[in-house]
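Take a look at the model below. We will go through it piece by piece.

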Amino acid sequence: DGTPHYAIGLLIGMVTWSFFSEATSMGMMSIVSRGDLLRKLNFSKEIIVISSVVGASINYVINLLVVFVFALVNGVNFSLGWLTVIPLFAELFLFSAGIAFVLATLFVKYRDIGPIWEVVMQAGMYATPIILQRGQVKIAKLMMLNPLAQIIQDLRHFIVFSGSLRGWDLIGHKAIAIIPYFLPFVIFAIGYYIFHHQAKKFAEIL
């Protein structure tokens, strides 16, 4: 790939995907792994799932710092564009937490969802531009509707190389391009609603 600082862009894709994988997997198992606590205490169950995502966030921040140092050593110029990592991370956090809420709810009743999610994650890697960076080649619009794909492309654009097209640019149509930026909020709201609606039954099932 002729993209400048290809290795840095690759690392950003890898650590972002690793965060999503860790956050959703840990969030999925968080309620079941604390079954004894849920039966003894009455408190907001949402805290358990969010704490799992926060734990993954700490690892992500550490990994990003390493990537940033590696980027500076390899000649990537620091700019104010790096600050876009804050809103992009907020988007990533909401998306991951929303998925984690749904998975945690399902996992309480259906333990087989674990290996199924592993298969979904493997398939998801092909729907996310982690290894292949197509800075000058149009990525399929359907792929870029995936918020993870949009987040990774935006991180590469603002942090690594401004010539890397953003998710917005790759989709092209403005009305459609806003979808991946809006989806994390929708998914978080849906995930929270499903989890909150079922949370009162967790102690009985566990």
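Where is the place of histidine 157? Histidine 157 sits in helix α7. Keep in mind that this is a predicted model. Is histidine 157 buried or exposed? Its relative accessible area is 16%. Histidine 157 therefore counts as buried, because the cut-off for burial is under 20%.

Now step back to the whole chain. The chain holds 11 helices and zero strands. Along the sequence the pattern reads α-α-α-α-α-α-α-α-α-α-α. Of the 206 residues, 45% count as buried. Contacts can be sorted by sequence separation. Among those with a separation of 6 or more, 76% join residues 24 or more positions apart. The accessible surface of the chain is about 10700 Å². Carbon and sulfur atoms account for 70% of that surface.

Return to helix α7. It covers residues 147–160, 14 residues in number. From first C-alpha to last, α7 reaches 19 Å, close to the 20 Å expected at 1.5 Å a residue. How many of the residues of α7 are buried? The count is 13 of 14, so α7 is mostly covered. Asparagine 146 caps the N-terminal end of α7. One of its side-chain oxygens lies 3.0 Å from the backbone nitrogen of leucine 148.

Aspartate 154 is also placed in α7. With a relative accessible area of 3%, aspartate 154 is buried. Which side chain does aspartate 154 join in a polar contact? The partner is tyrosine 181, at 2.8 Å.

Helix α1 spans residues 6–33 and includes threonine 16. Threonine 16 is at 0% relative accessibility, so it counts as buried. Leaving aside residues up to four places away in sequence, threonine 16 touches Tyr60, Leu92, Ile152 and Leu155.

Helix α3 runs over residues 46–73. Why does its span agree with expectation? At 1.5 Å a residue, its 28 residues should span 40 Å, and the end C-alpha atoms are 41 Å apart. Just after α3, glycine 75 takes a positive phi of about 90 degrees.

The next stop is a helix pair. Helix α4 covers residues 85–109, and helix α5 covers residues 113–126. Their axes come within 10 Å and cross at roughly 145 degrees. Which residues meet there? From α4 come Ile99, Leu103, Leu106 and Phe107. From α5 come Ile113, Gly114 and Trp117. The residues of this contact divide into six nonpolar, one polar and no charged.

Arginine 111 lies in the loop between α4 and α5. With a relative accessible area of 40%, arginine 111 is partly exposed. Its side chain reaches the backbone oxygen of phenylalanine 107 at 3.0 Å. Phe107 is also one of the α4 residues that meet α5. Arginine 111 and methionine 29 are 82 residues apart in sequence. In space, C-alpha to C-alpha, arginine 111 and methionine 29 are 9.2 Å apart.

Conventions: Residues numbered from 1 in each chain as written. Predicted model: local features only at pLDDT ≥ 70, side-chain atom pairs only at ≥ 80, totals over all residues. Heavy atoms only, no water. Axes fitted to C-alpha atoms, helices over the stretch in contact; angles between N-to-C directions. Helix = DSSP H or I, 4+ residues; strand = E, 2+ residues; numbered from the N terminus. Contact = heavy atoms within 4.5 Å. Nonpolar A, V, L, I, M, F, W, Y, C, P; charged D, E, K, R; others polar. Expected span 1.5 Å × (residues − 1). Buried < 20%, exposed > 50% of the residue type's maximum accessible area, 1.4 Å probe, protein only. Polar contact = N/O pair within 3.5 Å; in protein donor to acceptor, adjacent residues only side chain to side chain. Areas by Shrake-Rupley, 256 points an atom, 1.4 Å probe, with all protein chains shown as cover.
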